[in-house]
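Come along while I look up a few of its sheets and then its ligand.

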Amino acid sequence: MKTISHWINGGYDEGKPVSRYPVENPGTGQIDAELLMASSEDLDRVVAVAREAQKKWAKYSLAKRTAIMFKMRELVLEHQDEMARMIVEEHGKNYSDALGEIQRGRETLDFATAINLALKGEYSFDISSGVDIHTLRQPVGVVAGICPFNFPAMVPMWMHPIAIAAGNTFILKPASSTPSAALLTAELYKEAGLPDGVFNVLSGDRHLVTEMLEHPGIDAISFVGSTPVAHIVQDTGTSHGKRVQALGGANNHAIVLPDADLDFAAQHISAAAFGAAGERCMALPVVVAVGGIGPDLAQRVKAHAEKIKVGYGMDEGVEMGPVIDAKSKERIIGLIDDAQERGADIVLDGRNLVVEGYEGGHFIGPTIVDNVSLESELYYEEVFGPVLAIVHADSYEEAIAQVNSSEFGNGAAIFTNDGGMARRFEQDVEAGMVGINVPIPTPVAYYSFGGWKESLLGDTHIHGPEGLKFYTRAKAITSRWPSEKTYEATLSFQRDE
Ligand code: NAD
């Protein structure tokens, strides 16, 4: 059986493991590898390495840092097949979707290649006689990135390219079920010329994460994962003096107005609900059908969903893979059962799907549940599976109230041909990322990504300009030179009359 270790100071490192985590292939149900889980001692060592490396790395010229990021971008492109296969084997999503997440991650590398532009400061001449001011943005120091299982390449890439290009060093704690893409990333950074110790990977359990949040040698934490853990990260990290951004879970809704093109909407809703088996924080698990269109819409979505080929992610033509593990499958099926017991109608039932040749895999077929009670957990919880819940509203006002009643506020969308209604929605909706006839409105990397309410704790969104702000500290320098004729010193604030 393969052993997966850490990456510390430019090379693989087994450390002193406290335990071994079985890494399963969710498509087969086989345990293919064991992941070494780091000890406190390993954490102290990697932090010391990252602190030391940061002092030198921050002094690398912007020209050198930019060149490394360009090289890294090319290497990720060159190795995307290898990385995508790792993602399929550990996460289960289909190969083309794995390539897609790598591409979306690579966009942040594109942004990082322009770090020289992004880091430009401001300068004002003669703010007072002979006095000038300019600003700098300097790195925060050592950044830790704690990541979820569902985007093993993209989510870490939302973080490390900008953090590193801005002069920080980085410790990545990947999800234990999907660690391999992080280690390939480490190899590629080394090949790209990144100095040892700037990018490190350390795997571990929740105790290790807590120690990271409390560690005096770590300056900032980027977290992406579920909301309950985001709260732990935010509370513990900030109470230990760190900058924290903690992105949490989601339960994204789309409103479909009666004037929408229902064929177009149905096709896009099916793709957004069932892509990656619904294991995306920007998936679309809830549709609010307005003005009696629900039954028609449900049938149209069903017509698309029942054609989806579910299977092992590397097999030809497969569009949707399994969910991550047996526990997750059991929980999702339990939520569907519960909604049905509360009176919902099962329009398409994926609960009993078995994929031939992969009987040990954790598959659930696309499932559509209509007339879901607002009291059902299937409606108000994050399901994180291939399930679409349809609820009904008589008017736009009722629909938007339903959308805004969610504790989450990651993404939200509207399907309509009425520009005025779309404009109203964009103002009314309580979500950080909004789609107009776009069901997965994930911003490109030169904008920032983030939700509202329980979907994001902290002030800054991730990647793009807000990511850069998070990974840097502002400094304003006011200067004058005695050779200039300036005011005499006085004990009062200087008055320029
Ligand atoms: P998770 O919260 O279980 O785990 C995330 C990370 O936290 C992992 O590295 C894990 O090892 C660690 N962790 C887990 N429990 C912990 C604890 N008690 N204390 C400290 N650390 C702990 O999330 P997951 O199941 O890996 O990922 C799915 C979740 O991530 C979903 O809720 C999804 O919506 C969310 N997600 C959000 C976004 C976003 O941008 N908002 C993006 C992707 C995923």
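This is a predicted model: local features need pLDDT of at least 70, side-chain atom pairs count only at pLDDT 80 or more; totals for chains, interfaces and linings use all residues.

**Entry 1**

I then looked up how β4 and strand β5 (residues 30-37) are joined: seven bridges link them, and they run antiparallel. Strands here are DSSP runs of E with at least two residues, helices are runs of H or I with at least four, and both are numbered from the N terminus. Two strands pair if DSSP finds at least two bridges between them.

Stepping back, I saw an open sheet of three strands in the order β1-β5-β4, with mixed pairing. Its edge strands, β1 (2-4) and β4 (19-25), each pair on one side only. Neighbouring strands of this sheet are turned by 35° against each other on average, direction ignored; the axes are lines fitted to C-alpha atoms, with angles from 0 to 180 degrees between N-to-C directions.

**Entry 2: the sheet with β7**

Which strands form the other open sheet I looked up? They are three, in the order β6-β7-β23, and the pairing is antiparallel. β6 (123-128) and β23 (472-480) are the edge strands, each pairing on one side only. I found nine bridges joining strand β7 (residues 131-139) to β23, and the bridge partner of Q138 in β23 is R473.

**Entry 3: the ligand**

Which residues come nearest to the ligand? Of the 26 residues around the ligand (a heavy atom within 4 Å), I listed C147, K173, S226, G248 and E382 as nearest. α8 (206-214), β11 (220-224) and α9 (227-239) each supply at least two residues of the shell.

Next came polar contacts, pairs of N or O atoms within 3.5 Å. A polar side-chain atom of S226 is 2.6 Å from a ligand oxygen atom, and one of K173 is 2.8 Å from a ligand oxygen atom. For F149, a polar backbone atom lies 3.0 Å from an oxygen atom of the ligand.

Methods:
Residues are numbered from 1 along each chain as its sequence is written. Side-chain values use heavy atoms; hydrogens and water are left out. A polar contact is a pair of N or O atoms within 3.5 Å; within protein, one must be able to donate a hydrogen and the other to accept it, and residues adjacent in sequence count only if both atoms are side-chain atoms.
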